[in-house]
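This report covers strand pairing and charged side-chain contacts. Please keep the sequence and the structure in view while reading.

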Amino acid sequence: SAGFDPHVWFAASGDVFRHNIVWRDYRPARMYAPPWGQDMDFNLMHKDGAASAPAERLQQQSGRDEHSLVADAQFVDPSKADYRVNDDSPALRLGFVNFPMDQFGVLSPTLKAIARTPVLPGAKVTATALPGRDTAPRIWLGATIRSIADTAEMSAFGLPGVTGVLILEIPADSSLAHAGLKPNDVILSVNGAKTTDAATLLQQGSALATNQNLRLGISRQQRQIILNLTP
């Protein structure tokens, strides 16, 4: 389903997100602590059949959205990709403006003939959740780590897939810090073996107990490097 995935905004970016319709909570990646951007407000999170209510979850996430609502957007016909809203839609009262549904996307008849048909989000469609990843923070050699969560983080960190372990916090006097690791580094491999998630890293890291060196494959600022960790 459609949503808003803010990635890596700068604190003074001046970003504005207003008068939009989303189907779910925001899905941030590497965002700073709220409030986000210059202005985020008057948005509507669509929920089939819901009466208008404050969008408390969006407010908690963004630190803004003071006037945003959760409500039924009252789409004209989402089954036919007509996402205009009816005249009494609460989205209009928030400032959303209907626009033609046939003047964006793939317009060429030749390209339309070969384009795939998307799965359309709408009032009568129930979204199917993807298999979740365990993103609970864990402690490894004093550092706080967790698994990369989803495609949003994959994109934000420039990773080869939804894989790897994110360094959240790292003590300055830890062995990991001395090896050169930093917060926001993503561990992708240990001794050449892929590190898909935090549980895998904890298993791979047990080699330190047998006095083996570890060669860590790291993604840092979308560039891959190798760091050596000694017992």
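How many salt bridges does a search of the whole structure find? The search finds eight. A salt bridge here is a side-chain nitrogen of Lys or Arg within 4 Å of a carboxyl oxygen of Asp or Glu.

The model is predicted: local features need pLDDT of at least 70, side-chain atom pairs count only at pLDDT 80 or more, and totals for chains, interfaces and linings use all residues. Residues are numbered from 1 along each chain as its sequence is written, and side-chain values use heavy atoms, with hydrogens and water left out.

## Salt bridges

Side chains of opposite charge can pair when their charged atoms come close. The table lists examples from the search.

| Pair | N to O distance |
|---|---|
| R57 and D25 | 3.1 Å |
| D134 and R138 | 2.9 Å |
| E153 and R146 | 2.6 Å |

The salt bridge between R57 and D25 links distant parts of the chain, 32 residues apart. R57 sits in helix α1 (residues 56-62), while D25 lies in the loop between β2 and β3 (39-41). Helices (H or I, at least four residues) and strands (E, at least two) are DSSP runs, numbered from the N terminus.

How covered are these side chains? Buried means under 20% relative accessible area, exposed means over 50%, and partly exposed falls in between (1.4 Å probe, protein chains only). R57 is partly exposed at 41%. D25 is partly exposed too, at 29%. D134 has a relative accessible area of 45%, so it counts as partly exposed. R138 is partly exposed at 28%. E153 and R146 are both buried.

## The sheet of β2, β4, β6 and β5

Four strands form an open sheet. Their order is β2-β4-β6-β5, and the pairing is mixed. Why is one side of β2 and of β5 left without a neighbour in the sheet? β2 (21-22) and β5 (53-54) stand at the edges, and each has a single partner strand. Two strands pair if DSSP finds at least two bridges between them.

β5 runs antiparallel to strand β6 (residues 69-71), joined by two bridges. Here P54 stands opposite L69 of β6.

H46 belongs to strand β4 (residues 44-46). H46 is buried, at 6% relative accessible area. Its side chain reaches the backbone nitrogen of A73 at 3.0 Å.

Strands of a sheet pair through backbone hydrogen bonds, either parallel or antiparallel. Strand β12 (residues 186-190) is mostly covered, with five of its five residues buried.

Which strands pair with β12? Strand β11 (residues 165-169) runs antiparallel to β12, with two bridges between them. In that pairing L166 stands opposite V186 of β12.

Strand β14 (residues 214-220) also pairs with β12 in the antiparallel sense, over four bridges. I187 has I218 as its bridge partner in β14.

β12 pairs with strand β13 (residues 193-194) in the antiparallel sense over two bridges. V190 stands opposite A193 of β13. These strands form a hairpin with two residues between them. In this hairpin N191 takes a positive phi near 50°.

Key
A polar contact is a pair of N or O atoms within 3.5 Å; within protein, one must be able to donate a hydrogen and the other to accept it, and residues adjacent in sequence count only if both atoms are side-chain atoms.
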